[in-house]
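Reader: Hi! I have a model open and I'm new to this. Could you walk me through it?

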Amino acid sequence: MILKHVLVLSAYLFCIGIYGLITSRNMVRALMCLELILNAVNINFVTFSAFFDNPQLKGDIFSIFVVAIAAAEAAIGLAIVSSIYRNRKSTHINQSNLLNN
């Protein structure tokens with residue numbers, strides 16, 4: 001495993017996630033782009049943990065915590081999206097403030 005290739009892959013995924021998060025109008029697509037960003041971070045954690053092979057670095061454990069947080073974020077985010085869709089029949093981000101009514 002070459003460190004440079006994995007870091008380029010991670011940076012590529014991170015940039016795709018940021019671009020999609022900024023330009024997305026759909027909430028589901030924004031959540032998927034947020035998951036891409038978190039997966040890019042996980043790749044970095046695991047790569048540096050395997051590359052340095054130091055017992056003090058626990059990148060694998062951090063990545064498990066990030067996956068758990070991402071699962072909770074996806075569950076809560078999809079619950080909010082389904083609630084907005086049920087009320088407004090649309091998942092556009094610019095209509096998310098209409099839930100306050």
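Predicted model: local features only at pLDDT ≥ 70, side-chain atom pairs only at ≥ 80, totals over all residues.

Reader: At what angle do the axes of helix α1 and helix α2 cross?
Author: Helix α1 (residues 3-23) and helix α2 (residues 27-52) have axes that cross at roughly 160° and come within 8 Å. That makes α1 roughly antiparallel to α2, a label for angles over 145 degrees, while under 35 is roughly parallel, 65 to 115 is roughly perpendicular and the rest is oblique. Axes here are lines fitted to C-alpha atoms, for helices over the stretch in contact, and angles run from 0 to 180 degrees between N-to-C directions.

Reader: Why do you give me both an angle and a distance?
Author: Two packed helices are described by the angle between their axes and the distance between the axes.

Reader: Which residues in α1 and α2 meet?
Author: From α1, the residues include L3, L13, F14 and L21, and from α2 they include A30, L34, F48 and F51. Contact means heavy atoms within 4.5 Å. The residues of this α1 and α2 contact divide into 18 nonpolar, five polar and no charged. Here Ala, Val, Leu, Ile, Met, Phe, Trp, Tyr, Cys and Pro count as nonpolar, Asp, Glu, Lys and Arg as charged, and the others, Gly among them, as polar.

Reader: Zooming out, how many helices and strands are there in the protein?
Author: The protein has three helices and zero strands, and along the sequence its pattern reads α-α-α. Helices (H or I, at least four residues) and strands (E, at least two) are DSSP runs, numbered from the N terminus.

Reader: What about α2 and α3, at what angle do their axes cross?
Author: The axes of α2 and α3 cross at roughly 175° and come within 9 Å. That makes α2 roughly antiparallel to α3. The residues of their contact divide into 15 nonpolar, five polar and three charged.

Reader: New topic! Is G59 buried or exposed?
Author: G59 counts as buried because its relative accessibility is 7%; buried means under 20% relative accessible area, exposed over 50%, and partly exposed in between (1.4 Å probe, protein chains only). G59 lies in helix α3 (residues 59-88). Leaving aside neighbours within four places in sequence, G59 is in contact with F45, V46 and S49.

Reader: And Y19, buried or exposed?
Author: Y19 is exposed, with a relative accessible area of 59%, and is found in helix α1.

Reader: Where is E35, and what does E35 touch?
Author: E35 is in helix α2, and at 22% relative accessibility E35 counts as partly exposed. Not counting residues up to four places away in sequence, E35 touches A70, E73 and A74. E35 and V67 are 32 residues apart in sequence and 9.3 Å apart in space, C-alpha to C-alpha.

Reader: Last one: what percentage of the protein's residues count as buried?
Author: Of its 101 residues, 26% count as buried.

Note on methods: Residues numbered from 1 in each chain as written. Heavy atoms only, no water.
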